[in-house]
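Me: I'd like to learn how to read a few features in a model like this one. Can we take them one at a time?

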Amino acid sequence: MISRRDFLRNSSMAVLGATLVTRVQAASLPEAPRQTKATMTPPLLPPDGRPYNPVVTLNGWTLPWRRRKGWKEFHLIAEPVVREIAPGMKAHLWGYNGQSPGPTIECVEGDRVRIFVTNRLPEHTTIHWHGVRLPNGMDGVGGLTQPQIPAGKTFVYEFEMKHSGTFMYHPHADEMVQMAMGMMGFIVVHPKNPNQYRVDRDFVFLLAAYDIDPGSYTPRVAEMLNFNLWTFNSRVFPGIDHLVVRKGDRVRIRMGNLTMTSHPIHIHGYNFAVTCTDGGWVPKSAQWPETTIDVPVGALRAVEFIADAPGDWAFHCHKSHHTMNAMGHQVPTMIGVDQKGIAEKIGKLVPEYMVMGEKGMAEMAAMAMPLPDNTLPMMTGHGPFGPIEMGGMFTVVKVREGLAREDYQDPGWYRHPPGTLAYELKDGPELD
Amino acid sequence: MISRRDFLRNSSMAVLGATLVTRVQAASLPEAPRQTKATMTPPLLPPDGRPYNPVVTLNGWTLPWRRRKGWKEFHLIAEPVVREIAPGMKAHLWGYNGQSPGPTIECVEGDRVRIFVTNRLPEHTTIHWHGVRLPNGMDGVGGLTQPQIPAGKTFVYEFEMKHSGTFMYHPHADEMVQMAMGMMGFIVVHPKNPNQYRVDRDFVFLLAAYDIDPGSYTPRVAEMLNFNLWTFNSRVFPGIDHLVVRKGDRVRIRMGNLTMTSHPIHIHGYNFAVTCTDGGWVPKSAQWPETTIDVPVGALRAVEFIADAPGDWAFHCHKSHHTMNAMGHQVPTMIGVDQKGIAEKIGKLVPEYMVMGEKGMAEMAAMAMPLPDNTLPMMTGHGPFGPIEMGGMFTVVKVREGLAREDYQDPGWYRHPPGTLAYELKDGPELD
Amino acid sequence: MISRRDFLRNSSMAVLGATLVTRVQAASLPEAPRQTKATMTPPLLPPDGRPYNPVVTLNGWTLPWRRRKGWKEFHLIAEPVVREIAPGMKAHLWGYNGQSPGPTIECVEGDRVRIFVTNRLPEHTTIHWHGVRLPNGMDGVGGLTQPQIPAGKTFVYEFEMKHSGTFMYHPHADEMVQMAMGMMGFIVVHPKNPNQYRVDRDFVFLLAAYDIDPGSYTPRVAEMLNFNLWTFNSRVFPGIDHLVVRKGDRVRIRMGNLTMTSHPIHIHGYNFAVTCTDGGWVPKSAQWPETTIDVPVGALRAVEFIADAPGDWAFHCHKSHHTMNAMGHQVPTMIGVDQKGIAEKIGKLVPEYMVMGEKGMAEMAAMAMPLPDNTLPMMTGHGPFGPIEMGGMFTVVKVREGLAREDYQDPGWYRHPPGTLAYELKDGPELD
């Protein structure tokens with residue numbers, strides 16, 4: 001178990017600079033821990049307040065709070081951040097407390113929360129608490145329910161979390177730009193009774209899309225459809241951590257979508273049911289069995305299943321371009337076109353020219369192609385049996401036997417699991 | 001209560017020119033009232049026939065009928081129209097009876113309806129009664145179930161409304177063009193028993209998208225994806241009326257989608273359930289709690305909630321570009337790019353040039369930028385607390401206490417409600 | 001009833017060339033029938049094993065199997081194919097056993113299946129059995145759960161079909177390319193008890209989209225959004241067979257989506273409910289009444305209704321561009337623009353030039369416009385009452401009385417049904 005004290009000592013966190021705090025009434029502001037890496041932190045076990053089973057934020061972290069006279073106080077700082085999208089590529093985004101997406105806010109049904117929002121962006125902002133039912137003045141719609149929070153200022157939101165469920169936060173100010181720049185975070189409100197809706201493993205992440213030209217760092221914010229980075233929590237394959245669970249675990253995966261199109265998230269080897277949306281818990285009578293759940297824009301879906309089948313199960317968006325990284329969309333089809341001799345001729349004119357695609361594109365995944373700086377290959381990744389040929393919204397649910405609870409609280413686990421495949425490969429007979 | 005007689009006297013209505021009618025058997029054709037403004041008319045209380053609780057058409061109106069020997073007779077005229085999209089912009093569309101969308105058709109389960117459709121377009125048309133179960137010959141599919149209705153001719157549809165529910169009408173002839181030009185209207189069939197599925201407030205509108213180049217008036221009809229006007233009933237924010245309800249009302253909002261993509265319609269401050277589709281009423285056991293409902297193309301969704309939380313609640317499509325108006329999609333990202341001196345240099349070459357976006361785009365909403373004629377700003381609108389920075393599919397559900405039924409039948413109410421905010425704003429402590 | 005022996009004698013099938021088979025252990029490989037036409041074959045009544053009510057594959061066929069020691073053995077050959085998209089256009093795709101999509105695999109809950117997959121493509125491949133719950137090593141994800149199947153090799157998948165339901169197969173290797181080239185097929189697992197979930201007519205097809213430039217044959221594989229051929233089982237209207245049923249039949253239509261966007265499939269004259277997804281059977285309590293079902297990408301939906309209303313009922317995707325064929329998307333809007341004299345002037349410069357669209361586009365459907373080779377008209381088809389003006393994802397559910405079971409097992413039936421319209425057309429009074 002990791003206490004809040006340990007948490008703050010973590011080398012990748014930094015407490016908000018003391019100089020700034022001393023210039024105002026320091027006593028009234030809670031600490032604002034920051035995270036500088038895109039690694040998955042262990043679940044934050046609640047140090048005080050009502051008990052609950054904490055969630056795991058995919059390649060993310062949970063925001064610590066302080067308790068003050070019956071309130072849980074959180075401090076979010078809206079600011080420019082650098083997010084590693086995957087090893088080899090960094091994006092210049094806007095986020096909260098050092099990362100994009102911001103930290104997950106966890107609390108319990110009935111908790112009274114006070115959330116300080118400090119604006120360190122170059123323009124005004126607000127925060128809307130998507131799905132949370134609260135007083136109108138706390139709803140965070142700039143111009144309509146509050147004045148915008150000017151650059152350099154702090155605004156305080158106060159409300160009671162009346163309903164358990166699955167929510168998110170994002171600005172409602174210059175909204176198209178600020179969401180396209182990565183401003184978003186997850187909210188989980190646990191039931192008062194920790195045995196209600198209980199699961200063994202509870203993962204959360206947001207779906208976000210960016211349009212960053214190969215070789216550049218900043219998203220094009222006015223793009224409506226042709227994004228080239230489709231992410232789980234602003235990470236792409238192979239930079240997305242695995243979802244590691246024990247055989248027999250009841251698993252919940254909660255997803256929110258802040259892109260511009262729906263994402264049909266598909267699991268292999270299992271079927272699941274949607275048990276919660278941003279509107280609340282779905283009654284059993286209304287649940288459908290699914291292997292693909294289409295998460296609409298501006299909505300959240302929690303799915304649940306019993307992890308009874310061991311193995312490495314692909315978990316991905318089923319729009320096939322969303323499991324690709326940048327490049328590739330301007331590539332003409334060369335299938336069936338004999339290119340012998342072409343490369344040689346062009347090679348004299350263009351150094352590093354490669355003819356690709358005459359026989360499909362799989363050959364691209366197997367070779368090292370020269371790429372612009374800060375650019376990921378279109379499809380990549382290696383598994384135990386060779387190239388996986390994926391990118392974007394793709395990861396693996398690893399279901400393992402004999403996994404102790406302690407094991408999978410070690411963050412290293414999520415990235416380099418020691419498991420072995422449960423099934424042996426059979427060679428087929430050769431034909432010719 | 002407004003009688004049909006009063007309704008027809010309304011200055012914004014015009015009865016079909018007498019000259020045309022006298023050239024045929026005038027007795028056989030019902031009047032065809034026309035509407036020339038995009039204002040919301042009060043609910044049309046039924047002057048005869050079975051009683052029901054009428055709907056409110058957002059920025060629209062309901063078509064009066066005449067009773068003849070047990071039939072309700074309606075008269076639709078398909079024709080070119082001019083629709084004000086919002087103050088400052090008009091579109092040249094095709095619609096019905098003077099507006100696009102056409103008037104809402106309301107009737108009661110068991111009613112026998114006779115609908116005269118007169119074609120004043122330059123090409124043939126038909127009407128398909130989407131969702132209504134009727135005899136095959138009345139289904140309105142040009143070529144398949146009937147000949148196309150030539151320009152200048154009238155076709156008569158006759159059928160019984162066997163099922164209560166939420167439907168729409170649109171052509172099934174040169175369909176891509178005619179729907180892209182705005183030909184559509186809403187149909188509500190009320191239950192025989194007015195207490196079945198009863199609500200206090202019942203709003204209806206259609207989702208439509210247009211691609212009208214800045215400075216022009218006619219939609220590009222062959223566009224498939226990149227629309228620039230995303231509308232509720234062919235209006236965009238800030239031209240969309242509010243949805244005004246009393247605290248405690250049971251509210252229903254019915255929406256149909258005739259664009260080319262799904263729209264995740266999100267409400268703030270509430271959760272709701274889908275209670276009706278174009279297929280019928282959704283049983284309680286199958287309903288999900290939601291705050292965002294993704295309305296598929298070619299489908300209708302009615303959502304319901306109890307308006308127990310007073311305030312001004314945003315209600316909008318959650319695809320962030322759909323709450324923007326035209327322009328903006330070709331704007332390059334200038335975030336983080338220092339533009340000092342650039343404007344000055346360019347200003348000498350290009351009069352009225354503005355550097356925008358270095359710090360985000362919020363500054364654009366606050367200033368008056370020169371725009372081409374007949375073009376709306378990308379994001380605009382002012383609320384009680386400043387610029388709202390929205391466009392497109394955005395409006396506000398205003399939940400008020402002490403609102404008399406008479407008040408909210410005054411159409412002025414919907415546009416300039418006198419309400420005050422329920423919650424006071426708190427200033428946060430300053431940081432530096 | 002058609003026996004397997006008859007089936008293999010069918011002139012449009014060809015058994016895999018004997019030379020290849022003799023070069024390996026011929027005994028171990030089942031036959032691999034191939035289909036060279038895009039015609040709908042009659043349902044394949046099971047020659048052995050547990051009885052079931054076979055499905056009808058729209059413009060497709062079912063793969064025969066052989067029984068060997070308690071296993072059902074199937075043989076799929078991944079290979080380049082030529083698919084007729086509609087009369088007048090052929091596409092060079094990749095598929096299975098001579099066609100794209102590949103043959104439907106039908107079996108029964110509890111069956112143990114052994115599926116030989118021979119790779120005759122120029123690059124490696126795998127097959128993922130979407131929705132089937134099976135051992136991890138059989139899941140078909142190249143690199144992750146098995147090595148890729150190299151060109152020229154055969155791989156054997158073995159698993160038990162533990163659950164009845166509606167599934168599909170497709171590669172999980174160079175996935176974007178291989179699915180964009182048409183590699184996909186349907187899987188139906190019937191319940192052990194043939195009276196469970198029983199229907200009278202059970203249709204299956206996959207939704208696929210291609211981007212083939214007018215005049216060319218090979219899809220552009222890197223396209224993400226702007227496809228120009230939207231297909232049911234890789235056929236477009238008017239090349240899609242009808243869905244013919246008897247009045248009173250309980251009808252099921254199962255659809256899977258392997259395009260890049262959701263498809264709202266709409267039926268006229270009926271409402272229906274989703275009864276099965278790729279996750280399993282939907283309980284009655286959770287079913288919604290619908291007339292349009294939005295099929296998400298990477299998901300399957302089975303809908304059911306009682307065919308009690310005779311007639312010709314349109315059945316189509318409700319995104320209006322998806323009922324259009326190629327061309328048209330670059331056409332500027334000429335509505336309201338007087339073009340008199342223009343055609344004459346241009347005609348002198350450009351032979352065969354046509355001015356179109358001044359009055360809408362319906363005129364285009366009525367005339368024979370010169371088109372590039374291997375290119376379909378944008379909207380076409382003739383019904384009993386004139387031009388239908390459709391393309392793409394459009395067909396007709398024909399509900400007929402007095403139709404014997406034998407009749408509708410004749411494949412000719414699906415294409416040229418003798419039925420008459422149930423309702424007579426009424427002329428409306430003329431206006432001027």
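Me: Is B:Tyr197 buried, exposed or partly exposed?

Reply: Count C-beta atoms, placed from the backbone, within 10 Å of the residue's own: 20 or more others is buried, 12 or fewer exposed, in between partly exposed. B:Tyr197 has 18, so that makes B:Tyr197 partly exposed. This is a predicted model, where local features need pLDDT of at least 70, side-chain atom pairs count only at pLDDT 80 or more, and totals for chains, interfaces and linings use all residues. Residues are numbered from 1 along each chain as its sequence is written, and chains are lettered from A and ligands numbered from 1 in the order in which they are written.

Me: Where is B:Tyr197?

Reply: Look in the loop between strand 12 (185-190) and strand 13 (201-210) of chain B; strands are DSSP runs (E, at least two residues), numbered from the N terminus. Phi of B:Tyr197 is near 55 degrees, a positive value in a non-glycine residue.

Me: What about phi of C:Asn59?

Reply: That one is near 50 degrees, also positive and not in a glycine. C:Asn59 counts as buried, with 26 C-beta neighbours inside 10 Å.

Me: How many residues of chain B are in contact with chain A?

Reply: Contact means C-beta atoms, placed from the backbone, within 7 Å. Here 62 residues of chain B touch 59 of chain A. Only 6% of chain B's interface residues are also interface residues in chain A, so the copies meet through different surfaces.

Methods: Contact = placed C-beta atoms within 7 Å. Helix = DSSP H or I, 4+ residues; strand = E, 2+ residues; numbered from the N terminus.
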